[in-house]
Amino acid sequence: MSSTTSEKPVAIVTGGSRGIGLEIARELVQTLGMRVVVVDIVESQINELADSFGPGAENIDGRVMDVTDSEGLTKLVDDVAEQYGRLDVMVNNAGITRDGLLLRMSDEDWQTVINVNLSSAFYGTRAAAKHMVRQRGGSIINISSFAGVEGNRGQANYSSSKAGLIGLTKTTAKELSSKNVRCNAIAPGFIQTDMTDALPQKAKDMALEFIPLKRMGQAQDIAYAVAFLASDRAAYMTGQVLCVDGGMHM
Ligand code: NDP
């Protein structure tokens, strides 16, 4: 494996082969000129990534990994840092839902969501931080949720995982700021992706009533915020939760 230092800043985006993660990867490549390692669990989606990515596809490096695999994800992060000689940005974006009312929620649905949404971000943060501390700089961005800030009926597992990400974000920021490693979270509201397409129309209509800007967000709305937090323009921001939600939380 080559260890020449990449001239371009290097980012890792988990869950980046579709939805919000894919737009984040596009924004980091196309606007910030980064090299982006996209991590996803489904091999076919990683294989098709280069064809669907658009301009800058040569700066995408797809890797298949289940982010709940602590050892695997840690090794992947170490390999990326070694291969490119740097790691500048870590975006913990992979996430799932297994909705159900609290009284009926199974242990499995609780644990699976906590593992994918929260534990994975801990593994990714711990692994990335080691390299960022060494290079005296980096930006870690956790994709939380409006549900993590406010709670949400039918989402005890999901909202707890997303609230946990906010705790992880603030603690990481406090522990690493002296090494110039920043950590922030984004709390998206209702964003149009496969995740929300799966909701019944009635639930979508209800959600729209609570959005002051009266529309669902687009994945790109989140990607713009990630690009800002990843860039030096946010050099004086750490430990923050940026709500990108059409004004729902105010
Ligand atoms: P999608 O379901 O469209 O995409 C999620 C991505 O994560 C997929 O690429 C998926 O892979 C990947 N993923 C899931 N599990 C794993 C795993 N174990 N290992 C590796 N990759 C995995 O979701 P969104 O784009 O909508 O959401 C992205 C993030 O934004 C999530 O954390 C979500 O909770 C958060 N969010 C989304 C909101 C919305 O309204 N859409 C609102 C608030 C927060 P695969 O394709 O193989 O399933």
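A word first on how the values were made. Because this is a predicted model, local features need pLDDT of at least 70 and side-chain atom pairs count only at pLDDT 80 or more, while totals for chains, interfaces and linings use all residues. Residues are numbered from 1 along each chain as its sequence is written, and side-chain values use heavy atoms, with hydrogens and water left out.

Helix H1, residues 19-30, packs against helix H2, residues 43-53, at an angle of about 55°, and their axes are 12 Å apart. The axes here are lines fitted to C-alpha atoms, for helices over the stretch in contact, and the angles run from 0 to 180 degrees between N-to-C directions. H1 and H2 are therefore oblique to each other, given that angles under 35 degrees count as roughly parallel, over 145 as roughly antiparallel, 65 to 115 as roughly perpendicular and the rest as oblique. On the side of H1, the contact (heavy atoms within 4.5 Å) is made by Leu22, Ala25, Arg26, Val29 and Gln30, and on the side of H2 by Leu49, Ser52 and Phe53.

The second pair is helix H3, residues 70-84, with helix H4, residues 107-134, which pack at an angle of about 30° with their axes 9 Å apart. That angle makes H3 roughly parallel to H4. Among the residues that make this contact are Leu73, Val77 and Ala81 of H3, together with Tyr123, Ala127 and His131 of H4.

Now to the interior, where a nonpolar core is a set of buried Ala, Val, Leu, Ile, Met, Phe, Trp, Tyr and Cys residues joined through side-chain atoms within 4.5 Å. Buried means under 20% relative accessible area, exposed means over 50%, and partly exposed is in between, with a 1.4 Å probe and protein chains only. Which residues touch the most other members of the largest nonpolar core? In this core of 32 residues, they are Ile24, Leu28, Val36 and Ile186. Elements giving two or more residues to this core include H1, H2, strand S1 (10-14) and helix H9 (219-230), and H9 supplies the largest share, 8 residues. Ile186, leaving aside residues up to four places away in sequence, touches Ile141, Ile222, Val226 and Leu242, among others. Apart from this core lies another, of 25 residues, which includes Leu76, Val77, Tyr123 and Leu176.

Finally, some single residues. Most residues other than glycine have a negative phi. Asn180, in the loop between helix H6 (156-176) and strand S6 (181-188), has a positive phi near 65°, and with 46% relative accessibility Asn180 counts as partly exposed. Lys214, which sits in the loop between helix H8 (201-209) and H9, also is not a glycine and has a positive phi of about 60°; Lys214 is exposed, at a relative accessible area of 55%. Asp107, in helix H4, counts as exposed at 68% relative accessibility.

Notes:
Helices (H or I, at least four residues) and strands (E, at least two) are DSSP runs, numbered from the N terminus.
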